[in-house]
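Please open the model in your viewer and keep the sequence beside it. The tour below goes from one selection to the next and says what is found at each stop.

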Amino acid sequence: MPPTTRRPARRTLRAGALAAVSAALVAAALPPPEPVALGIGDTLFAQLGNPGYDVVAYDVAFTYGGSNTQPLDAVTIIDARVTDRLERVNLDFTHGTVHTVEVNGRPADFATAQEDLVIQPDRALERGTRMRVTVRHTSDPGGQASAGGWVRTGDGLAMANQADAGHRVFPSNDHPSDKAYFTFRITAPSELTAVANGLRKERRTEGANTTWTYRTRHPMATELAQVSIGRSAVPTREGPDGLPLRDVVPAADRDELERWLAKTPDHVAWMQERVGRYPFETYGVLIADANTGYELETQTLSLFERALFTSDSYPEWYVDSIMVHELAHQWFGDSVTPRTWSDLWLNEGHATWYEALYAQEHGGGTLEQRMRDAYRRSDQWRASGGPPAAPKPPSPGQKISIFRPVVYDGSALVLYALRQEIGREGFERLERAWVRDHRDANASTADFVHLASKIAGRDLTAFFDGWVYGQRTPPMPGHPDWQSTPPVT
């Protein structure tokens, strides 16, 4: 080729190289973009969860110094699959101090944006790869108790992470759609006992401290995590089919509470007769010396207030039915977990349904009367809280306000209407199929409609549209005389 044809090409290359260098220098001179809080667009909690990865497992280590008002030292390790190329990694985390972050063993820069921890790896994470994020941080039990997270008890701590407070305890992808396996390692003074979800794998004492390790055999949503630290007794017994049962109670109340603890094997057997085998590796009740105002279905270890069992205010059938309510959640909400928070009615409606059935069999009034009363109030509940599957957002500063009457008795009413519509036999087949087909997974209202239609042998979309999305309560099948009180304008 003649020389005259080569020189322009060399000049073009040099010009391109200069342009690239110039662009790099300009980019280096610009500050990095501000960290931004992300979310997956949940209708009720828009900034919960994070795009671009799927958590496989958490390994969370806490060191408790003996005071439930002081921050715990903690290390959270997150193993995840990268589902989209990530220049940055967002985790949900607040109410703690982050010391260091590593991504795949390499130090990473980090910043905060609202309730997100925004991590800048030293290189982009490519789709289809794995990532391990290690965060050394504190976990602070102080602050507003009603906001959730750590609950200070009379002798230590417990957790109440529903609905969106798991990230007040440890960095996470804090949305129920991203379930993962958990390992908890809790180091505390040796005179205390630590218990967490799943089964205990190790107990090791060094000097004045003991480290307790627990691991789940099934994936779990972050809002269902539980760690209890205190002066606790841990009585054990055997449930149906050899199921290991272990409870956690204040040691001083061990004898007084035994009559309630001894009921759990029969409660499990009662539920198994209706929906099938218990879905996890263990179960038990955690009775905490705390005033939470609610009970909570933390996976394999349901949280209860001590006063529920020691007060004379409640009849025995009522306490039993509340225990069954939280137990029923192990199938409905824990094993089969909602895909979005708007699917909450599937959790609470089912747990209330089995609570009401149990109460009916043990002196607590008939299911039909309870449902008729719920029907009378249903339009008012829908007006104030929204339909069961399209709830209104939580009140400002009161995130647990999504737990309104419409998602309890108002949603159990939907199940009653469904049983009236498809018959008792079809309904009972649906219940068993639901927890079998979606075990250890997430499922939505649309999934429930699809399965109910399949079992009924006809399309139930129109039925469900009215019952779970309608602003007014449809007529009750089989009870044309039932009336709902109109909401007050």
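Begin by selecting Ala163, which lies in the loop between β10 (157–160) and β11 (181–189); helices (H or I, at least four residues) and strands (E, at least two) are DSSP runs, numbered from the N terminus. The bond that joins Gln162 and Ala163 is a cis peptide bond, with omega at about 10 degrees. Most residues other than glycine have a negative phi, and most peptide bonds are trans.

Before going on, note that this is a predicted model, in which local features need pLDDT of at least 70 and side-chain atom pairs count only at pLDDT 80 or more, while totals for chains, interfaces and linings use all residues. Residues are numbered from 1 along each chain as its sequence is written, and side-chain values use heavy atoms, with hydrogens and water left out.

## Confidence along the chain

Colour the model by pLDDT, the predictor's confidence in each residue, from 0 to 100. The chain averages a pLDDT of 93, and 93% of the residues score at least 70. Now select residues 1–29, over which pLDDT stays under 50 and for which the model has 1 contact beyond four places in sequence; contact means heavy atoms within 4.5 Å. Where pLDDT is low, the predicted coordinates should not be read in detail.

## Two residues with positive phi

Select His95, in the loop between β3 (89–92) and β4 (98–103), where phi is positive at about 70 degrees although the residue is not a glycine. Is Thr300, the next selection, buried or exposed? Thr300 is buried, with a relative accessible area of 1%, whereas His95 is partly exposed at 25%; buried means under 20% relative accessible area, exposed over 50%, and partly exposed in between (1.4 Å probe, protein chains only). Thr300 is placed in the loop between β20 (285–288) and β21 (302–305), and Thr300 too is not a glycine, yet has a positive phi of about 70 degrees.

Move to Leu245 in strand β18 (residues 244–246), which counts as buried because its relative accessibility is 3%. Leaving aside neighbours within four places in sequence, Leu245 is in contact with residues including Pro235, Arg237, Thr264 and Tyr283.

Then select helix α2 (residues 254–261), in which Leu257, Trp260 and Leu261 are buried. They cover an arc of only 90 degrees around the axis, which puts them on the same side of α2; the arc is that of the directions from the helix axis to the C-beta atoms. Among the elements that cover the buried residues of α2 are β17 (236–238), α3 (264–275) and α5 (316–331).

## A bent helix

Where does helix α7 bend? Select residues 367–385 and look at Arg377, where α7 bends by about 50 degrees; the bend at a residue is the angle between axes fitted to the seven residues ending there and the seven starting there. The helix has 19 residues, but its end C-alpha atoms are only 23 Å apart, short of the 27 Å that a straight helix would reach at 1.5 Å a residue, the expected span being 1.5 Å times one less than the number of residues.

Buried residues of α7 include Leu367, Met371, Tyr375 and Trp381, and what covers the buried residues includes α6 (344–361), α8 (409–422) and α11 (461–469). Just after α7, Gly386 takes a positive phi of about 90 degrees.

In the segment after α11, select His479, which is buried, with a relative accessible area of 13%. Not counting residues up to four places away in sequence, His479 touches Glu368, Tyr416 and Gln420.

## Aromatic rings

Finally, show the rings of Phe, Tyr and Trp (its six-membered ring), which pair if their centres lie within 6.5 Å; planes under 30 degrees apart count as stacked, over 60 as edge-to-face and the rest as tilted. By this rule the count comes to 25 aromatic pairs. The rings of Tyr278 and Trp331 have their centres 5.5 Å apart and their planes at 85 degrees, so this pair is edge-to-face. The pair links distant parts of the chain, with Tyr278 in the loop between α3 and β20 and Trp331 in helix α5, 53 residues apart.

Another edge-to-face pair is formed by Phe463 and Phe464, at 5.3 Å centre to centre and 90 degrees between the planes. To end the tour, select the cluster linked by ring pairs, which includes Trp345, Tyr375, Tyr416, Phe463, Phe464 and Trp482.
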